[in-house]
Amino acid sequence: MTSHRPLEDLVVLDLSGTVATAYCGHLFAALGARVMDLEPPGVGHPTRRLPPFAPGVEAPDASALHAWIAAGKESLELDVATEEGRARLFELCRGAHLLLEAFRPGDLDALGITTAALAAASSSLVVVSMSWFGQTGPLARAPGGDPLVSSLAGVVRGFGPVEGPPMLPSGHGPQIVAGASAFIGAVGHLLGRRRGRVLGARLAHGRADGWRLDANVLEANLSLSDAGTVGVFNGCAVPPRLGWNRFWPTYPAGIYRAKDGWIGVTAVLWTQWRTLCEMLDLPELAAEPRYQITIERMADADLLDRKLAPALARRTAAEWFHEGQARRVPFAMVPSAEELLACVQFAERGAFARYEMPGGRAFRAPGLPFRLTATPGTAGGA
């Protein structure tokens, strides 16, 4: 193992400070890159205005989400709406490798920050554009949002009560996915360039307008709808929403109340179903021929739930989990946020790191989602 960090020779500029660009920069910073947030004077980046806010910490530093996503970065006030600000931006680009931006397509051009102008400042600069819907198409300049992207990507329709409406996930998951996708694309491009392939291809085609990576949020999240897309392509009808704890064609597959909390239960194979029935002391269900097939169990889900739910409520979630693991039945703990921090798996692997805020406040949040054995990244920070 070495103290060298794999991306420590890179300089990354974040001009927009959305969750998507900030998470992409977060990954670069954790692996050693010098990441600079170029923030509008006075208001700062949008992530500074996102909850949760730490009590006793004054704005613009009160956002814990911003503290997590900006750890290890530098911050510089820069007003690109002014000629002085644009000149400073081009100066910074001359020493940078990546520029992250999430402006609506055309808005940077209107400010005079064109791809050609950026390429003139640095012929090797890669502009990573993380708009909501991409640089072209009828939605290119449409306003976006995390709930909207979740809906358009097809990952919302199937969740929620039968009578509707569908259930929207909270948080900024779509932008986190987009930030990770942009990170992968940018690193792949830089690796290719260092091996001489990308730059050679560019010169061979006479390109002189710089490089742009289009890593929009919607398309980054389309991979989450893979199973439904393939099913419809194969001629299947769009499956109806089935309600709580109903996921076609598997039953049981959901969350049930245990004696002291909640436990996730899944049984796909007939052997898993029989073992589950033995654990719950329900031999009559294990012996029923129809229930050896998961689709047949789904047809009687309401009836079966009236027997499974009381049985699962007799023991603690931990007791069910450990016995299920021992007997090869998929049981999953459903921890609270506080219990996540105490999980022995996460503690052993150092999944959560310490992040510091102004005024001495600190909290724990997820660190890097992967490990490099020879050149480890930095966990946490200020």
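**Salt bridges and the exposure of their partners**

The structure is a predicted model, in which local features need pLDDT of at least 70 and side-chain atom pairs count only at pLDDT 80 or more, whereas totals for chains, interfaces and linings use all residues. Residues are numbered from 1 along each chain as its sequence is written, and side-chain values use heavy atoms, with hydrogens and water left out.

The side chain of Arg141 meets that of Asp107 in a salt bridge (2.8 Å, N to O), the term denoting a side-chain nitrogen of Lys or Arg within 4 Å of a carboxyl oxygen of Asp or Glu. This pair links distant parts of the chain, 34 residues apart, with Asp107 in helix H4 (residues 107-110) and Arg141 in the loop between strand S5 (126-129) and helix H6 (146-152); helices (H or I, at least four residues) and strands (E, at least two) are DSSP runs numbered from the N terminus. Asp107 is likewise partly exposed, at 25% relative accessibility.

A search of the whole structure finds 16 salt bridges. Among them, Arg327 and Glu278 are joined through their side chains (2.8 Å, N to O). Because Arg327 lies in the loop between helix H15 (317-326) and strand S9 (331-333) and Glu278 in helix H11 (residues 270-279), the pair ties together parts that are 49 residues apart in sequence. Glu278 is exposed, with a relative accessible area of 52%, whereas Arg327 is partly exposed at 33%. Both residues belong to a network of salt bridges that also includes Arg315, Glu319 and Glu323.

Key:
Buried < 20%, exposed > 50% of the residue type's maximum accessible area, 1.4 Å probe, protein only.
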